[in-house]
Every structure is written in C-alpha cells, then in structure tokens.
Amino acid sequence: MIALALLTLSTVLGIGATTRMSSTRWPRFVTQGLHRSISLYLVVLLGIHLVTVWLDDYVEITIVESFVPFVGTYRWFWTGLGTVSSDLLIAATVSSLLRQRIGYGTWRAIHWTSYLCWPLAIVHTLGTGSDTRKEWAVWFVVANVALVLLAVAWRIVDG
C-alpha cells in the first residue's frame with residue numbers, strides 16, 4: 001500500500017510537472033525534485049516488495065515470474081499486471097537515469113509508457129492484495145484514484 005501511495009504521488013507530481021506547476025512559494029524545481037525522489041524511493045520499495053515475495057513461503061513466485069508477465073501460476077493475471085507495471089516503472093527509471101545519453105525524444109517516449117504503470121498497479125493491488133477486501137484498503141485505493149483523476153482534470157483544464 002505504501003508503494004501504491006508513492007506511485008500515486010509520483011504520478012500526480014509528474015502530471016504537475018507537465019503543467020509547469022509552480023508559484024513563488026512552490027518553485028518548479030521542487031515539484032521535479034519531489035517527483036524524482038519519490039520515484040527512486042518507490043523503486044527501492046518495489047525491490048523490497050519483490051524480495052519479500054521471493055522469500056515468502058505462502059506464495060511461490062520466481063524471479064523470472066517477477067519480470068516476465070503472465071508466466072506464473074499464482075494469480076497469474078493479477079500478478080502479470082503487477083509485473084507489467086513494475087517493468088514499466090523500471091524502464092522509466094533507467095531511461096531517466098540515462099536521459100543525457102539516450103536523448104530527450106527517446107526518454108520522453110519511454111517515460112510516457114510509465115503512465116500505464118499506475119492503473120496497472122491499481123488493478124494489481126485490487127486483484128492480488130491481501131488487504132483489499134478490508135474497508136480501509138478500498139477507501140485507500142479510492143483516494144489514490146481520486147488524486148490522480150483530480151491531477152488529470154487539472155492538467156486538462158490548465159492545458
């Protein structure tokens with residue numbers, strides 16, 4: 001759930017950065033810096049998530065299944081969506097770290113695919129999360145969806 005919250009914050013800040021969100025109290029570099037820092041922290045939490053899944057005796061998920069979507073046996077569809085989401089996140093992170101070497105156009109094309117990462121992670125959470133049948137978890141997911149929808153609406157209006 002923490003990784004989902006960070007992904008939501010990263011997505012909202014990414015949308016905010018595209019609108020050049022800034023003011024005298026909130027300079028643009030703050031939005032970009034938070035987006036970058038939260039995204040890197042998210043990758044660390046994703047790594048922890050993967051390692052704990054590999055070490056957990058309850059679920060049998062291999063390293064290959066963690067990076068190749070829809071090849072596993074445990075909730076293969078929901079886990080596959082999470083795998084695609086994490087693969088997109090990793091691609092966006094690596095391309096951002098290599099942005100100077102790969103060029104702006106290539107970076108932007110790869111980075112645009114990261115917008116798919118968030119809805120896939122939402123569906124992955126709802127389909128395979130252990131707490132998603134609890135009321136607080138449903139409201140937590142609803143709040144994440146609302147935040148991103150508000151950011152998208154702001155992006156459209158701000159245009």
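Visitor: What percentage of the residues of the chain count as buried?

Guide: A residue is buried under 20% relative accessible area, exposed over 50%, and partly exposed in between, using a 1.4 Å probe and protein chains only. Of the 159 residues here, 36% count as buried. This is a predicted model, where local features need pLDDT of at least 70 and side-chain atom pairs count only at pLDDT 80 or more, while totals for chains, interfaces and linings use all residues. Residues are numbered from 1 along each chain as its sequence is written, and side-chain values use heavy atoms, leaving out hydrogens and water.

Visitor: How many helices and strands does the chain have?

Guide: Helices (H or I, at least four residues) and strands (E, at least two) are DSSP runs, numbered from the N terminus. This chain has 8 helices and 0 strands.

Visitor: Where is Thr 83 found, and which residues does Thr 83 touch?

Guide: Thr 83 is part of helix α4, which covers residues 76–97. Its relative accessibility is 4%, so Thr 83 counts as buried. A contact means heavy atoms within 4.5 Å. Leaving aside residues up to four places away in sequence, Thr 83 touches Glu 65, Ser 66, Phe 67, Val 68 and Pro 69.

Visitor: How many salt bridges does the structure hold?

Guide: Side chains of opposite charge can pair when their charged atoms come close. A salt bridge needs a side-chain nitrogen of Lys or Arg within 4 Å of a carboxyl oxygen of Asp or Glu. The structure holds 1 salt bridge. In it, Lys 134 pairs with Asp 131, with the closest N and O atoms 3.3 Å apart. Lys 134 is partly exposed at 42% relative accessibility, and Asp 131 is partly exposed at 25%.

Visitor: How many aromatic pairs are there?

Guide: A pair of aromatic rings is described by the distance of the centres and the angle of the planes. Rings of Phe, Tyr and Trp (its six-membered ring) pair if their centres lie within 6.5 Å; planes under 30 degrees apart are stacked, over 60 edge-to-face, and the rest tilted. The structure holds 7 aromatic pairs. The rings of Trp 76 and Phe 77 have centres 5.9 Å apart and planes at 80 degrees, so this pair is edge-to-face. Ring pairs also link Phe 70, Trp 76, Phe 77 and Trp 78 into a cluster.
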